[in-house]
Amino acid sequence: MKVAVVGYPNVGKSSLVNRLTGTREAVVHERPGITRDRKEIATEWNGRRFTLIDTGGMDAEDPDPVSGSIRDQARAALADAQVALFVFDAKAGVRPGDEELADLLRRSKMPVVVAANKIDAAVDIPLAVDAHRLGFGEPVAVSASQGLGTGDLLDRLVELLPEDDDAEEEGIIRLAVIGRPNVGKSSLVNRFAGADRVIVSDVAGTTRDAIDLPLEVEGRKLIVVDTAGMRRQSKVSESVEYYTVLRSQRAAERADVALVVCDANDGVTAQDMRVAELAMQSGCATALVLNKWDTAEMVESDLDHERAKVARKLRLRPRVLTASALTGRNVQRLLTEVLALGDRMQGRIPTPELNRFVGEVVQARQPPAKQGHRLKLLYAAQIGERPPRFAIQVNSRQRVTRDYAYFVENRLRARFAMDGVPLIIDFVERKSRRSEGR
């Protein structure tokens, strides 16, 4: 069940969403127009789970093309929701823009709750009366900054939501689409969705929030997170962009798989490498995508060079794929790769297969010896997932050199197709019978 949060710019919609969900997911800033795409944030009240859709401010008089896209996104949110939460600034009073939005909501014929925001003290409560002009009944006086009235507002929303018996599905793969600004992340997400789900603009930095988009691919459930572009900290000159970077990092932290989108015309840059490292350090299975392949002047040898560079620089050796969000070339292959990476993150390798692998490793390269005593790999088992974790029993943990540990890790990736998948290998010294008897 979903509630679309709509209103005029800078009335406090994102602040109210953060207050109602108990998060800081929605970007809040004193400058109007910060929220542009629609963002879905799950919450719960009195045992009922539902989703708030934060939208950009709707101003029909704003001639900016991005403003028109924001209005389209807000209308799409209304079409996807069962209840509308209409937020207006009680201190500013009802403005012409509020009345135009009210007219749109009346035509939608969906239940509407009016939140008179910025009622920060009891003396401000009479200011909410002005909302009666909107024609949606008694407004709820709230303060996003102080938290006043939010319980009453949640009660009203839950009353209007229809019953929902759908249980939360397991096995959903969360995909973070990350990368430098203006490399085509939003265009790629729209291609995934088969619709203009997020705003696309030639202006770098149009996307400022992380947008959760549910998809179904080959009968599987995916949650796609389109994020704002990530720049080096030295270039983050304003606070809005600073918070954008933080949200991109958080998107990687809560995802299972990350696609690092690069511009094929630039190749894989040093900044792309840093973004990929951040994703892998966050525990994401990762692949790099050279987007805009249709316009790049690369040949196959150039692509081989890029792949070799990534394999040399990044320890997890993520795959480098090509695609075009504009034409749709290889987009389906990207989604298939995402499903495969997600399965490897949460899958388990049978112990007999791992022990055969250990035998292959020892045959390919004998473990190091020290002072006449050779390291022995005895047996292996998987002990965890997300990310995969393995324990290899050895006769002496102290003699496992870093070089040999990397050799085993690389062989494991190659043997079980785990390129780009973060994994952990614990070399565990087997206790001797003498020590066990003490």
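Biologist: Over the ring of which residue does the charged end of Arg 365 sit, and at what distance from its centre?

Modeller: In this predicted model, a charge counts as sitting over a ring if CZ of Arg is within 6 Å of the ring centre and within 35 degrees of the ring normal. Arg 415 meets this rule with the ring of Phe 416, at 4.8 Å from its centre. For Arg 365, the ring is that of Phe 407, and the distance to its centre is 5.0 Å.

Biologist: How are the rings of Phe 86 and Phe 136 arranged?

Modeller: The protein has three aromatic pairs. In the pair of Phe 86 and Phe 136, the ring centres lie 6.3 Å apart and the planes meet at 75°. Planes over 60 degrees apart count as edge-to-face. The arrangement of Phe 86 and Phe 136 is therefore edge-to-face.

Biologist: How many residues apart in the chain are Phe 86 and Phe 136?

Modeller: Phe 86 belongs to strand β4 (residues 83-89), while Phe 136 lies in the loop between β5 (112-117) and β6 (140-141). The pair thus links distant parts of the chain, and the separation is 50 residues.

Biologist: What distance separates the end C-alpha atoms of helix α8, and what span should its residues give?

Modeller: Helix α8 covers residues 300-313, a run of 14 residues.

Biologist: Which elements are included in what covers the buried residues of α8?

Modeller: The buried residues of α8 are Leu 303, Glu 306, Lys 309 and Val 310. They cover an arc of only 120° around the axis, which means that they lie on the same side of α8. Their cover includes α7 (270-281), β11 (285-291) and β12 (320-322).

Biologist: Which residue just after α7 takes a positive phi?

Modeller: The 12 residues of α7 should span 16 Å, and its end C-alpha atoms are 16 Å apart, which agrees. Buried residues of α7 include Gln 271, Asp 272, Met 273 and Val 275. Just after this helix, a positive phi of about 95° is taken by Gly 283.

Biologist: With which residues is Val 400 in contact, leaving aside its neighbours within four places in sequence?

Modeller: Val 400 is placed in the loop between β16 (389-394) and α11 (402-415). Its relative accessibility is 17%, so Val 400 counts as buried. In space, its C-alpha is 9.5 Å from that of Ala 369, which is 31 residues away in sequence. Its contacts beyond those neighbours are Leu 375, Val 394, Ala 405 and Phe 427.

Biologist: Among contacts between residues at least 6 apart in sequence, what percentage join residues at least 24 apart?

Modeller: The protein comprises 12 helices and 17 strands. Of its 438 residues, 52% count as buried. For contacts that join residues at least 24 apart, the share is 70%.

Biologist: How many contacts does the model have for residues 433-438 beyond four places in sequence?

Modeller: The average pLDDT of the protein is 79, and 77% of the residues score at least 70. Over residues 228-241 the pLDDT is below 50, yet this stretch has 41 contacts beyond near neighbours in sequence. Over residues 433-438 the pLDDT also stays under 50, and the number of such contacts is one.

Terms used:
Residues are numbered from 1 along each chain as its sequence is written. This is a predicted model: local features need pLDDT of at least 70, side-chain atom pairs count only at pLDDT 80 or more; totals for chains, interfaces and linings use all residues. Side-chain values use heavy atoms; hydrogens and water are left out. pLDDT is the predictor's confidence in each residue, from 0 to 100. Contact means heavy atoms within 4.5 Å. Helices (H or I, at least four residues) and strands (E, at least two) are DSSP runs, numbered from the N terminus. The expected span of a helix is 1.5 Å times one less than its number of residues. Buried means under 20% relative accessible area, exposed over 50%, partly exposed in between (1.4 Å probe, protein chains only). The arc is that of the directions from the helix axis to the C-beta atoms. Rings of Phe, Tyr and Trp (its six-membered ring) pair if their centres lie within 6.5 Å; planes under 30 degrees apart count as stacked, over 60 as edge-to-face and the rest as tilted.
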